[in-house]
Amino acid sequence: MNHKVYNWQLKRHMEYKYPEARPQKQAAWIFDTNKCIACQTCTMACKNAWTSGKGQEHMWWNNVETKPWGFYPLGWDVRLLEMMGTQSWDGDKYTGKTIFEHPESGEEVLGWAPEVEDWLSPNIGEDEVSEPVQQGQYIKMPHQPWMAYLQRICNHCTYPGCLAACTRKSIYKRDDGIVLIDQDRCRGYQECNRGCPYKKSIFRQFTGKSEKCISCYPAAEQGNQTQCTVNCIGRIRMFGFKSPWDKPREDNPIDYLVHFKKIALPLYPQFGTEPNVYYIPPINVPDGFNKQLFGPGSKNAVEMYKKAYEDKKLIGILMLMGAAEQIPFTFKVEGDINNGYCIGYTENGQEIARVPLKEPIIIRKEHDQERDVHRISIS
Ligand code: SF4
Ligand code: SF4
């Protein structure tokens, strides 16, 4: 029997296999898609930490794909979107069906199972733009051809599709919101691979069991951020703990971006799993594409991002990203936009980072007299 649960991202109740059991703190990430350079350092940091073993060669718990043509596994999102049919919104309320509301499919969770080959091209479509670029074509503004990098890990969903689909009850959600697969209980039926709409539960032939991102829980338990976050070259990521949607705290940087500013949005909220990776949408792609990926709030988020300097707290958090290994549980800003700081604190109130709201621009002399060298880059 299904239960009625509340999904704040859809602004409505929906069907789910288990009753609502929302943790008081939820592991959550912010990804600023605009700052990503697709260097894949996050991908390699994760792989070196967790999936360098036998039979894990195809397994990328973290991947970065180029939209619109990048997919890992192949066609992961478009295949499900097509199965779901029309996904309609009435304002910010979702009026279409989630993956848990398709009884006609005969399944508890509407899903599909990737083939072995679907996992073998994680970089397909990388750096390909949305339409062919003709020889001699120059870029006009706004850009006609476009692309955007999408960073992907398990979303440690509030209503995980993987968990609902598992017939062995091998998947569980901890009281810090992290979703794990019990390797002793798993029998490799692969129902979670089928039921996860983000395809972030992956089968390992070598052990005959499924595995997924574990949110670097040994680090998280020590108050530290995940490997993909601390190694990010572009400083686009922040890991921390989100408060329940109805009790957000303004001094929590994740709550501030997700619930107060509404600038960081879930990926494909219409799936219904209430994912907990929150994206600042790319500002260079068509509105309709952003809406499909991040829901109806994406247009406002883009406009707000372009004027981020109007809000010291917002710009402060953007500058705080990637500034410390520890989790910034709280933050505050001091001073004005030109010479102020954003300060991050641990759970115990210890200062972990102090970053300027505006990075100083230093112009150096083209000719360095002391070393007698000419510089190509002077700023
Ligand atoms: S993203 Fe997939 S694997 Fe991760 S918790 Fe959600 S449904 Fe499960
Ligand atoms: S390390 Fe950061 S900048 Fe590089 S690909 Fe990953 S998310 Fe993007």
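## Ground rules

The model is predicted: local features need pLDDT of at least 70, side-chain atom pairs count only at pLDDT 80 or more, and totals for chains, interfaces and linings use all residues. Residues are numbered from 1 along each chain as its sequence is written, while chains are lettered from A and ligands numbered from 1 in the order in which they are written.

## Ligand shells

Ligand 1 has 14 residues around it. A residue is near a molecule if its C-beta atom, placed from the backbone, lies within 6 Å of it. Cys154, Cys157, Pro160, Cys162 and Cys196 come nearest to ligand 1. Its shell holds seven nonpolar, five polar and two charged residues. Here Ala, Val, Leu, Ile, Met, Phe, Trp, Tyr, Cys and Pro count as nonpolar, Asp, Glu, Lys and Arg as charged, and the others, Gly among them, as polar.

Ligand 2 is also surrounded by 14 residues. The closest are Cys36, Cys39, Cys42, Cys232 and Gly234. This shell has nine nonpolar, four polar and one charged residue.

## Helix 7 and helix 10

Helix 7 spans residues 253-260 and helix 10 spans residues 312-320. Helices (H or I, at least four residues) and strands (E, at least two) are DSSP runs, numbered from the N terminus. The two axes come within 10 Å and cross at roughly 130 degrees. Axes are lines fitted to C-alpha atoms, for helices over the stretch in contact, and angles run from 0 to 180 degrees between N-to-C directions. Helix 7 is therefore oblique to helix 10; angles under 35 degrees count as roughly parallel, over 145 as roughly antiparallel, 65 to 115 as roughly perpendicular and the rest as oblique.

Pro253, Tyr256 and Leu257 of helix 7 meet Lys313, Ile317 and Leu320 of helix 10. Contact requires C-beta atoms, placed from the backbone, within 7 Å. Five of these residues are nonpolar, none polar and one charged.

## Loops and backbone

Two cis peptide bonds occur in the model. One joins Lys67 and Pro68, with omega about 15 degrees. The other joins Tyr72 and Pro73, with omega about -5 degrees. Pro68 lies in the loop between strand 4 (63-67) and helix 2 (76-84), and Pro73 lies in the loop between strand 4 and helix 2.

Lys262 is not a glycine, yet its phi is positive, about 60 degrees. Lys262 is partly exposed, with 14 other C-beta atoms within 10 Å. Tyr268, also not a glycine, has a positive phi of about 45 degrees. Tyr268 is buried, with 21 such atoms within 10 Å. Buried means 20 or more other C-beta atoms within 10 Å of the residue's own, exposed 12 or fewer, and partly exposed in between, with C-beta atoms placed from the backbone.

Notes: Contact = placed C-beta atoms within 7 Å.
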